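I opened the notebook to look up a few things in this structure. Sequence and model go in here before the entries.

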Amino acid sequence: WNMLALWRTRKSGSPGVNSGSPGSLQIELNDARIDFKSELDKKPFAISAVNGQFNLDRARRHVSYKLRGNAVRTDLALASPGEFNLEGTWAPGEDFTGPLEATLETRGAMLSDWIPVVSGRNPNVYGVVDAKVRITGSIRDLRLEGQTRVGQLHRSDQPPPSESANLDVFFRASYQPPADRLSIDSMDVSFADSRVHVSGTM
């Protein structure tokens with residue numbers, strides 16, 4: 001399935017699609033996979049074992065979705081960091097650059113698996129992650145705001161702490177996929193009696 005072609009088509013009744021009303025499509029996903037491309041460039045990130053639902057209302061030019069899946073990289077043999085939930089709405093427009101809103105949430109995920117998926121490197125740091133991120137903007141200019149708590153934080157050459165203070169991160173940032181540019185407006189990190197404030201671009 002190519003989502004751009006599906007959005008622009010005027011026909012319904014395609015295999016695997018329930019047409020609830022003229023101009024609308026309801027797509028149920030069961031153990032599916034979602035890949036991402038920018039022009040002809042296929043990105044190394046994907047979502048596997050996807051379950052959930054897409055509702056496409058072409059009359060109102062509106063998409064809503066509620067999904068569960070696992071983040072994976074297609075260029076590296078890495079374990080999935082665990083299941084996450086993604087739900088929200090999107091008004092794509094003809095060029096797919098319309099406004100979107102989404103909430104990404106994960107509970108009890110492994111930090112040692114998330115870091116390699118995001119960065120491609122394993123710093124051998126372990127911990128249990130609870131995170132919630134709100135995403136707004138468009139697919140060309142994403143606004144990110146959220147908080148993350150990491151418990152049982154330790155290095156691979158150390159045993160897990162018997163009593164561990166949590167590492168808390170609150171952040172606001174923006175990401176421009178075409179330029180692969182991350183701008184951190186504000187990131188505040190607290191751990192035990194330490195506080196760190198970060199801003200900048202990557």
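**Entry 1: the aromatic pair**

Which residue in S3 does Phe 54 stand opposite? I looked it up in the model, which is predicted. Phe 54 stands opposite Tyr 65.

I then searched for aromatic pairs and got one in the structure. Its members are Phe 54 and Tyr 65, with ring centres 6.0 Å apart. Their planes meet at 45°, so I logged the pair as tilted. To count as stacked, the planes would have to be under 30 degrees apart, and to count as edge-to-face, over 60.

Buried or exposed? I checked Phe 54 and Tyr 65 in turn. Phe 54 has 15% relative accessibility and counts as buried. Tyr 65, at 13%, counts as buried too. The cut-off for buried is under 20%.

**Entry 2: strands around the pair**

S2 and S3 are antiparallel, and 11 bridges pair them. They make a hairpin with four residues between the strands. In that turn, Arg 61 has a positive phi of about 55°.

S3 also pairs with strand S4, residues 83–90. I noted eight bridges there, again antiparallel. Tyr 65 has Gly 88 as its bridge partner in S4.

**Entry 3: the whole chain**

I stepped back to the overall layout. How many helices and strands does the chain have? There are two helices and 10 strands. From the N terminus the order reads α-β-β-β-β-β-α-β-β-β-β-β. The C-alpha atoms fill a box of roughly 60 × 30 × 30 Å along the principal axes.

The chain has 202 residues, and 33% of them count as buried. I wrote down an accessible surface of about 12400 Å², with 52% of it on carbon and sulfur atoms. For contacts between residues at least 6 apart in sequence, 43% join residues at least 24 apart.

The side chains include 24 positive and 24 negative ones. The centres of the two sets lie 6 Å apart.

**Entry 4: helix H2**

Helix H2 spans residues 111–119. Which of its residues are buried? I listed Leu 111, Ser 112, Trp 114, Pro 116 and Val 117. I then asked what covers them. The cover includes S2, S3, S4, strand S5 (100–110), strand S6 (125–138) and S7.

Val 118 is also in H2. Val 118 counts as exposed, at 57% relative accessibility. Leaving out residues up to four places away in sequence, Val 118 touches Phe 45 and Arg 73. Just after H2, Gly 120 has a positive phi of about 80°.

How many of the 10 residues of strand S8 are buried? I found seven, so S8, residues 167–176, goes down as mostly covered.

S8 pairs with strand S7, residues 141–155, over nine bridges in the antiparallel sense. In this pairing, Gln 147 stands opposite Phe 170.

S8 also runs antiparallel to strand S9, residues 181–191, with 10 bridges between them. Phe 171 has Met 187 as its bridge partner in S9. The S8 and S9 hairpin has four residues between the strands, and Asp 180 takes a positive phi near 50° there.

**Entry 5: positive phi inside strands**

Most residues other than glycine have a negative phi. I looked up two exceptions in strands.

Asp 31 has a phi near 55°. Asp 31 lies in strand S1, residues 24–38. Its relative accessible area is 58%, so Asp 31 is exposed.

Gln 152 has a positive phi of about 55° and is not a glycine. Gln 152 lies in strand S7. At 45% relative accessibility, Gln 152 counts as partly exposed.

Methods: Residues numbered from 1 in each chain as written. Predicted model: local features only at pLDDT ≥ 70, side-chain atom pairs only at ≥ 80, totals over all residues. Heavy atoms only, no water. Buried < 20%, exposed > 50% of the residue type's maximum accessible area, 1.4 Å probe, protein only. Contact = heavy atoms within 4.5 Å. Areas by Shrake-Rupley, 256 points an atom, 1.4 Å probe, with all protein chains shown as cover. Lys, Arg positive; Asp, Glu negative; His and termini not counted. Charge placed at Lys NZ, Arg CZ, Asp CG, Glu CD. Phe/Tyr/Trp six-rings, centres within 6.5 Å; stacked < 30°, edge-to-face > 60°. Pairing = 2+ DSSP bridges.
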